[in-house]
Amino acid sequence: MSESGSKGQDYEASLAAADSKVAEFDDEQRGFVHRLQHFLHSNPSMVPLIVLVLSTIGFGLWIDWEPIQVRMGWAALEDVSNGRFRFFNSFTLTLILQQVAIVGVLALAQTLIILTAGIDLSVGAIAVLCSVIMGQFTFRYGIPPFVSVMIGLVFGTAIGAVSGWLVSRVKLPPFIVTLGMWQIVLAANYLYSANETIRSQDIEAQAPFLQLMGYKMKLGGATLTLGVVSMLVLALVLAYALRSTAWGRHVYAVGDDPEAAELAGVNVHRTLMSVYMLAGLICAFTAWVMIGRFGSVSPSATTGVIGNIQAITAVVIGGISLFGGRGSILGALFGALIVGVFELGLRMSGADPQWTFLLIGVLIIGAVAVDQWIRKVSV
Amino acid sequence: MSESGSKGQDYEASLAAADSKVAEFDDEQRGFVHRLQHFLHSNPSMVPLIVLVLSTIGFGLWIDWEPIQVRMGWAALEDVSNGRFRFFNSFTLTLILQQVAIVGVLALAQTLIILTAGIDLSVGAIAVLCSVIMGQFTFRYGIPPFVSVMIGLVFGTAIGAVSGWLVSRVKLPPFIVTLGMWQIVLAANYLYSANETIRSQDIEAQAPFLQLMGYKMKLGGATLTLGVVSMLVLALVLAYALRSTAWGRHVYAVGDDPEAAELAGVNVHRTLMSVYMLAGLICAFTAWVMIGRFGSVSPSATTGVIGNIQAITAVVIGGISLFGGRGSILGALFGALIVGVFELGLRMSGADPQWTFLLIGVLIIGAVAVDQWIRKVSV
Amino acid sequence: MERTPILQGKNLVKRYGKVTALDHCDFELYPGEILAVIGDNGAGKSTLIKAVSGAVVPDEGEVFLDGQRVDFNSPIDAREKGIETVYQTLAMSPALSIADNMFMGREIRKKGLMGKVFRQLDKAEMERLARDKLNDLGLMTIQNIRQAVETLSGGQRQGVAVARAAAFGSKVIILDEPTAALGVKESRKVLELIQDVKSRGIPIVLISHNMPHVFEIADRIHIHRLGKRLCVIDPKAFSMNDAVAFMTGAAEPPPETIPA
Amino acid sequence: MERTPILQGKNLVKRYGKVTALDHCDFELYPGEILAVIGDNGAGKSTLIKAVSGAVVPDEGEVFLDGQRVDFNSPIDAREKGIETVYQTLAMSPALSIADNMFMGREIRKKGLMGKVFRQLDKAEMERLARDKLNDLGLMTIQNIRQAVETLSGGQRQGVAVARAAAFGSKVIILDEPTAALGVKESRKVLELIQDVKSRGIPIVLISHNMPHVFEIADRIHIHRLGKRLCVIDPKAFSMNDAVAFMTGAAEPPPETIPA
Amino acid sequence: AAGGHATTVCLITKTDTNPFFVKMKEGATAKAEELGMTLKAFAGKVDGDHETQVQAIETCIADGAKGILLTASDTSAIVPNVQQAREAGLVVIALDTPLSPIDAADATFATDNFLAGELIGKWAAASLGDDAANAKIGMLDLAISQPTVGVLRDQGFLTGFGIDIKDPNKWGDEDDPRIVGNDVTAGNEEGGRKAMENLLAKDPGINVVYTINEPAAAGAYEALKAIGRENDVLIVSVDGGCPGVQNVADGVIGATSQQYPLLMASLGVEAIKKWADNGEKPEPTPGKDFFDTGVALVTDKAADGVESISVEEGKNLCWG
Ligand SMILES: Nc1ncnc2c1ncn2[C@@H]1O[C@H](COP(=O)(O)OP(=O)(O)OP(=O)(O)O)[C@@H](O)[C@H]1O
Ligand SMILES: Nc1ncnc2c1ncn2[C@@H]1O[C@H](COP(=O)(O)OP(=O)(O)OP(=O)(O)O)[C@@H](O)[C@H]1O
Ligand SMILES: [Mg+2]
Ligand SMILES: [Mg+2]
């Protein structure tokens, strides 16, 4: 039986006069490093972008040092062994784009899953199986290529739906679901295809539509394939969707804390299903890009075995947190490009394949350590 | 200025008479399924053990159906194509133990890391590199085999220490650290070994100590190698250490919630370092087991490439949570054995290798789904 | 009493393993009132309001809204009917901004083509509204409406959650210990907000361990004990001491304390 | 005053990114006293006690124990000196048992060979001790000392954390909002425990938003505001209203309120 | 219940994802069917997978098989296990790749991978004529773990081309300036294309490309086609599968060394049948310590001094 009524407890009488300052002060003595940290902290995909630009410039300087000297007048053409730009030319730079197209698109699918605090070990296997389906449906059953591609896309989406259902409804950890799915899909791929390759020449002659993503656009020495353009467009569309639509906000919320998201009114099941299905669809789209790039349909494509690790590497170097809910999808694209630049750059500077492999390992740890340093600020 | 003094607030006068029941009731109508769920819930490593026993019996019945019929008098020896027990005999059953020895020991290392909520992708690569070190130090530099083995063990521990330091001090996610480490170690292995195999015959002649873990003990048809025995002993020792020493409790606490553990007085850094170093040591020990099993030292051993996934699979089937802090290390051993029984059983029943992969994929998802069902109770 | 309860639970049961968190529990909330729910730790208060707000599907029992039987399978169902809840755990996404969190699940799209076809969110509008709501609560100390929730203090977070519920609840607002982590000043703001909401005619369920607060603002007090409703009392007819005695089992409630 | 403080912080500074949680803050705890720390949400109370208990290493400033300068780099260092802390987040490992949690970091080994060589824990002894401590706190409602902490209600968990600190603190016990989630009955038990500990001669730091509790048991009250100590008052010389006014910035404290 | 036939024969291949081994399995299955035997197939999980092959041998012993056809991933490391199988009374026949030492197996039906490489090396050198002295060669190998088969073909090619190979157990240690570089392909189109691009970026003037197998060659061709150089680069390969031979016909590949996996497998199954029936062991090709199932160079542009068969013949003999 409180007598104080709506005026509150007796000791609260002075509250009306309370002021509302909080213990928030401006930085006192912050140097350039701190400002940089802050800037990078608020723009997560800037870090991989800067790494990308720096590593491109670094490799360019290293590889093209002689022609640069010539161009700058520091050396005469006769004095150097090579006066031609090898790295800094539109052919090489667009070649990197072509080489990362497959991993880049897979990394987009992987990013979606990782944003929901999942991980998908089956991305590469789904891509390979779907490429086999697109090819075999056309050649084995004589289905029109366009329809076969559609069937492939639907099939990839369906695999994604199965994984999504197991994750969201049966509540199995995504690592396990996709570990199992990886083996299942890859084995199904070999069993269904009987390891038969469909040759590039045959596809070109009978079903060129399958190779559509390999269609080339030349601008001077630069060569862009439709696959590369699709990768870039897809990345931008997804970046828009994740940032500016309700669905995107829900994906981040689910990755951050699924229980909180559910209680806050997000349909977690629907969001997860949409993400896994979309990721499956993107993997199936990768299948089409693969056919475009290789010309042929090969069930033993390496992507089936290591595409998952490649995609995860790109995502991680792109600064997207494996714990979900944090990161920008453009980062994954930059991550894939960084790996591409390193691989080609190292190969061009004469590192042999084994050293390249080792240095990529160092790159992974280094990139994430830098990212961690940047994130330390203000958390 | 509270006048109520130590007697508490005025409205609390009646507290002395408060009773202390809590809303805890006994189960009303619980059937057999519920009891079973409860039993399994309180004994996490029972689930994989039961799966192991059931799958062994299942494969035995399937493969040895004919001799069983003969033995039971349901059929005459002449009526069946094969009257010999092929699966249910001590040779085959101990063979499974030998076949899982490598993955089994790696899974023990993996379990330690996973219990701290980490994951180690480099386990297999470390094992292969250490086996190369043990071999090459003996053969290339003429160091006594015993010393070479010690150097290998120290080296594995050192790699573990580097990973542990990156995880614990630089605070990088274990997935990334060990992903990078995997590539680095594997490439270093190829580079250092120059892809040279040291032949079994040479080791036998010049450094039989390296093959010690392959030493066979026969009891009737049963064959146990020292490697198998070590695996079993190591599993028991680790199970004891995890359950009955302070260190073990700390490992679980760190995996459960590292911040809470730190605040509660656990030296998280020291615990993580000890776990990663011990895991590195166990991987190096696996190297010795590998030499014992294969006789030779081969830098291209597949364990380097797929040992990590095999070990994770065993751990996961063994019911250990990938989120850390939950599960029994014996489960990992049972998990490895389950995979071993399935692989051998499927091979003996004549399944195509790809079908075996596919079914192992299904097994992974199925095992975890069962585990999930059991854990649902009372959480 | 012949009024229909606006929100009603009948015979609700919820078991967690061996623990029966709700044991054939009834619950009624009448239009326009502030109903306090009090009880010991672990008595089942949070489970009760989860059951009537869709966050938990009860094992047995029924929920009625405006006298109509409803089956909430998720908090979204309840929200669509105008029931807003601040859960004890707050239900915020730490990495997202305050505005994102406030509009989670009911985002506002841009007008015109961008919104209809490209489904673009109207961030500016959402931020403006979020700022208004927080100002009402006296939380203008939050400088940047775009800052991530994880950078807020526990008290500020609780404030944002309460502001969200107050802004969107059209039928019932449920608050589970909204002032547990709050300081004196901040708690007072929340109590004022509750009275403000009540004056808009929206009934409120308030779970609290703070007896003075409960007796200050509640119209009726639901006393929860051992997973069920022990009694409902009128704060004007009983003392805090009585309430504490009933809730802790120190005294038996008189039979006439259960109205309706 | 010529007594040496048992625990002292001088000029402590701690910054989190843009936020300065501790801004040249002083702190003293004298032998045998109950010192309450009050302040608005986000004032920096938790950060202060983390700084003096090793959970946070301050950017600037010094900590003294019994007049000796100490450098705590982790909570373990502070614990070894006899300072026990119940953090606001409780610091429990959910999957481990109550006994495991209570003895975390100071496990008891078996006597003889098993303990010395094989380092085996004496589980039976630890469970017995844990049960005793909980009984002292009136938490005998916990049926199974081996049950995982995650199966306890929030209140029970807080009780276990307080019991742990009370059992092992030999020099100083620090409690950060130990009753925030507790019911009336459970809070009372904790207050009794605090007085009990004090009567054993061990000084206590209590952070709380509950003014009646603070004024009931504190010997001195440290009022924290905007990251620093505003003043220290004697609860017998000032009213709750005064304390609230100082702490919220509604009134300036008189200069003589700062003793020592 | 498992298997209705009395005689079981095991086929253990390096992988079952490479068409070469797929065909080998088809040949063995067909032959076993014909002879009324049960064939059980095993395969490594990835290229160079020694462990799984060891497990497979052990399984065959446990299974009571009569004999094993083995394409060893690691020809010396597998020897103790082969020994074990032979002690258990099984006949072990090495297919495709001889064991080291070669007499570790009861018999060997093999092609000489080094020879296969040498043939295409010689052919490439002969086709270029004088230009061979300043050729620019790209080497597309199998994997960074350097499995034996890849090393043998690579080193054979270089020997045939007339390049000093230094250590014959390792590729990549050569210092002949004509070699632009090595890269790895995993033996498929995907790896072939990327590896070719990498080498082209290093030196666009490459005019001879060695490839580990025909899928890698097809990938390399796509990379060359992308820059319009598909017609002025000589691609050589090894395997002789039907798609590969078709690619020779189409001008994708200049020449390929054809091997005969179906033949090896069916001969192997027959030999085991014989041994099971009357304990008779197969004899090696006279003058060699193994039964050579042969290698033939398939090309329509025969070069002087290198024996070759036409694409038409190659198509008749190809597998698949
Ligand atoms: N998800 C869950 N899993 C298992 N047990 C649970 C779960 N949620 C609640 N419980 C149990 O149900 C009982 C009631 O819990 P509930 O949270 O409803 O209590 P409460 O009255 O809200 O307590 P408090 O005042 O501490 O918030 C407790 O014994 C609790 O341990
Ligand atoms: N780990 C952290 N990272 C970033 N900022 C932090 C961190 N911990 C505390 N802060 C900030 O420091 C300030 C002081 O926080 P602190 O937790 O000490 O306040 P408090 O007085 O304990 O508040 P409450 O009464 O809400 O517990 C707050 O503004 C808070 O946001
Ligand atoms: Mg509650
Ligand atoms: Mg605090």
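Between chain E and chain A, 19 residue pairs are in polar contact, counting pairs with both residues at pLDDT 80 or more. Those confidence values are there because this is a predicted model.

As for size, the accessible area lost when parts come together is often the figure quoted for an interface. Here, chains E and A bury about 2,900 Å² between them, and 48% of that sits on carbon and sulfur atoms. Charge pairing shows up as well, with 5 salt bridges across the E and A interface. One to look up on screen is the salt bridge joining the side chains of A:Glu204 and E:Lys225, at 2.9 Å from N to O.

So much for the partner of chain E on this side; now for two chains that chain E doesn't touch. Chain C and chain E have no contact, and their nearest C-alpha atoms are 37 Å apart. Chain D and chain E don't touch either, again with 37 Å between their nearest C-alpha atoms.

Chains C and D come back into the picture at the ligands. Why call the ligand 1 site shared? Because the residues surrounding ligand 1 come from chains B, C and D. There are 16 residues around this ligand, and the ones that come nearest are C:Gly42, C:Gly44, C:Lys45, C:Ser46 and C:Thr47. In chain C, β2 (19–29) and α1 (45–52) each supply at least two residues of the shell, and α1(C) gives the largest share, with 3 residues. The shell has 5 nonpolar, 8 polar and 3 charged residues.

Ligand 2 is likewise in a site shared between chains, since residues from chains A, C and D surround the molecule. Of the 16 residues around ligand 2, D:Gly42, D:Gly44, D:Lys45, D:Ser46 and D:Thr47 come nearest. On chain D, β2 (19–29) and α1 (45–52) each put at least two residues into the shell, with α1(D) providing the largest share at 3 residues. By class, the ligand 2 shell splits into 5 nonpolar, 8 polar and 3 charged residues.

| Ligand | Residue and atom | Distance to a ligand oxygen |
|---|---|---|
| ligand 1 | C:Gly42, polar backbone atom | 2.8 Å |
| ligand 1 | C:Gly44, backbone N or O atom | 2.9 Å |
| ligand 1 | C:Thr47, polar side-chain atom | 2.5 Å |
| ligand 2 | D:Gly42, polar backbone atom | 2.8 Å |
| ligand 2 | D:Ala43, backbone N or O atom | 3.3 Å |
| ligand 2 | D:Glu177, side-chain N or O atom | 3.3 Å |

How much of each ligand does the protein bury? Ligand 1 exposes 630 Å² when taken alone, and the protein buries 78% of that. For ligand 2, the area exposed alone is 630 Å², with 78% buried by the protein.

Methods. Residues numbered from 1 in each chain as written. Chains lettered and ligands numbered in written order. Predicted model: local features only at pLDDT ≥ 70, side-chain atom pairs only at ≥ 80, totals over all residues. Heavy atoms only, no water. Buried area = accessible area lost by both parts, 1.4 Å probe. Salt bridge = Lys/Arg side-chain N within 4 Å of Asp/Glu carboxyl O. Polar contact = N/O pair within 3.5 Å; in protein donor to acceptor, adjacent residues only side chain to side chain. Near = heavy atom within 4 Å. Areas by Shrake-Rupley, 256 points an atom, 1.4 Å probe, with all protein chains shown as cover. Helix = DSSP H or I, 4+ residues; strand = E, 2+ residues; numbered from the N terminus. Nonpolar A, V, L, I, M, F, W, Y, C, P; charged D, E, K, R; others polar. Contact = heavy atoms within 4.5 Å.
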